[in-house]
Amino acid sequence: MNQILLTFLSLVAIAGCSSAPANEKADNDAKQETVAQATSQEPTAVAVDPGYINGVTDKNRGEKEGEVRIHGTIRGLAQGVPVKLYVTEGKNQFEIESTTFGADGFDFGVQKLKSGFYMLGVNDNVTNLMAFIVNGEEQDIELSFNSSRLDAQPTAVTSEENKGWFSYYMIQRQADNTVQQLRRQRSNSSFKERIDQQIKEQEKLKRDAAADHIKRYPDSFLAKFLTWNYAPQKSNMATYWDDIDFTDKSLVRMPVMNGRIQEFMRTFSGGKDAGFYNCVDILYGKSQVDTEVMEFSLYTMADGFFQSGLEHVSMYIIDSYIMGEDCPADISDVLKSRAQGLVNLQIGKVPPNFDIENWDGGRTVLYDEVKKHDYTLVMFWASWCHKCEQEIPVLKNVYAMYKDRGFGVINVSVDNTRNQWVNAIEENGMTWPNVSQLQMWDSPVAKDYRVTKTPMLFLLNKEGQIVDKPTRIFQVENFLKKNL
């Protein structure tokens, strides 16, 4: 990355967030003019998606709140099993209530909830969740699941809102599954153009289903969600976000912004740092009309870039809009804390400690373990991860070569089944500490380390600082050759 470019762009001022030295005023003014044009330009003579239907009306506009009873049945689920209620925040979910499945099903009683997507789950299995809608007006939501696998065949008994959502969801899921199969076929096929056309047909099927459900369920929260899920003006940076009402706080509880942000960045950044920074600045300018939505948008971007390996763009967002000295005073402590979590995973920083039970007894405390070695590799893995299967034999060789020279390893599994985890440890002959909270991606340690794929590697020194974040074990070996 061009350090001069990064330094310059980090000084760009948007709404008083930071200030540039006087000798950079001309360049800074030019960039602000570009951003101002993109955030204020009238959407004239811009091509609109021909399939676009505006389902946002006076009846579903804005965030609503109301009392609602959420209850139902789950076929095949044993009595006594915990059933969890989660609120969503973009692609994330947070548990807010728990009950026990009984002879009459589950019942969370009357809850005061804001409009948005919520989720039901069984036990702590985060791979078995089903989203549903609370619109702030329906006072009774009775749901029925024909299988303990919640997304297999969900039915809304009383909620018209969720009758529409489940109908669309089943179409969307089938289309997405078909697209995944087609993409796998495409990699080994000589008929790529034909497969690309089939993929386009499936995407059109989803788009048509969305338009149909907007018409069938007018004035609903579902209609608003389906409207915002598809950008009507994809070819113009200045008007791309004009369909979104950033004063509507229910946007936070919709699975909309992740996809829209990715599309916005792909379309208008040019894949360059300057393009990414410009896109970030524009979305910040659009979203700052509401603090909650603005903070949600900022963290969604910061976390998304971090997960994509573009950590310098993530740090630009944090430095410019969240943690910088000249950033808005009303940035919440919650957002600052979440942003600090990303900062702490940078090279040179000390990542979060953990204290987790070993697979064969005892406990492993990260900060205690790193003091025993010059360098310690923390490897996130899973028994079902094929790439991990390929890397572990290489790690065994590296460990045998360097364990007596100051090299230690801690494996942290994101499994959720103890037997599979233990069998994989024994079959691979891992003799170093192995720990797991058996909650997959929802485990606290996985969340702390932003683990969304495996393997993920962190190399720490004796002081607990991250000295490298390799992607392959041979890179760990190369580091040790130079430093041990």
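Colleague: What should I know about the numbering and the model?

Modeller: Residues are numbered from 1 along each chain as its sequence is written. The model is predicted, so local features need pLDDT of at least 70 and side-chain atom pairs count only at pLDDT 80 or more, while totals for chains, interfaces and linings use all residues, and side-chain values use heavy atoms, with hydrogens and water left out.

Colleague: Which residues have the most contacts inside the largest nonpolar core?

Modeller: In soluble globular proteins, nonpolar side chains tend to be buried together. A nonpolar core here is a set of buried Ala, Val, Leu, Ile, Met, Phe, Trp, Tyr and Cys residues joined through side-chain atoms within 4.5 Å; buried means under 20% relative accessible area (1.4 Å probe, protein chains only). The largest one has 134 residues, with L120, F132, W165 and F407 having the most contacts inside it.

Colleague: How do α8 and α9 cross?

Modeller: Two packed helices are described by the angle between their axes and the distance between the axes. Axes are lines fitted to C-alpha atoms over the stretch in contact, with angles from 0 to 180 degrees between N-to-C directions. The axes of α8 and α9 (residues 311–322) come within 7 Å and cross at roughly 155°. That is over 145 degrees, so α8 is roughly antiparallel to α9.

Colleague: Which residues of α8 meet α9?

Modeller: Contact means heavy atoms within 4.5 Å. L298, M301, A302, F305 and F306 in α8 meet α9 residues including V313, I317 and Y321.

Conventions:
Buried means under 20% relative accessible area, exposed over 50%, partly exposed in between (1.4 Å probe, protein chains only). Helices (H or I, at least four residues) and strands (E, at least two) are DSSP runs, numbered from the N terminus. Angles under 35 degrees count as roughly parallel, over 145 as roughly antiparallel, 65 to 115 as roughly perpendicular and the rest as oblique.
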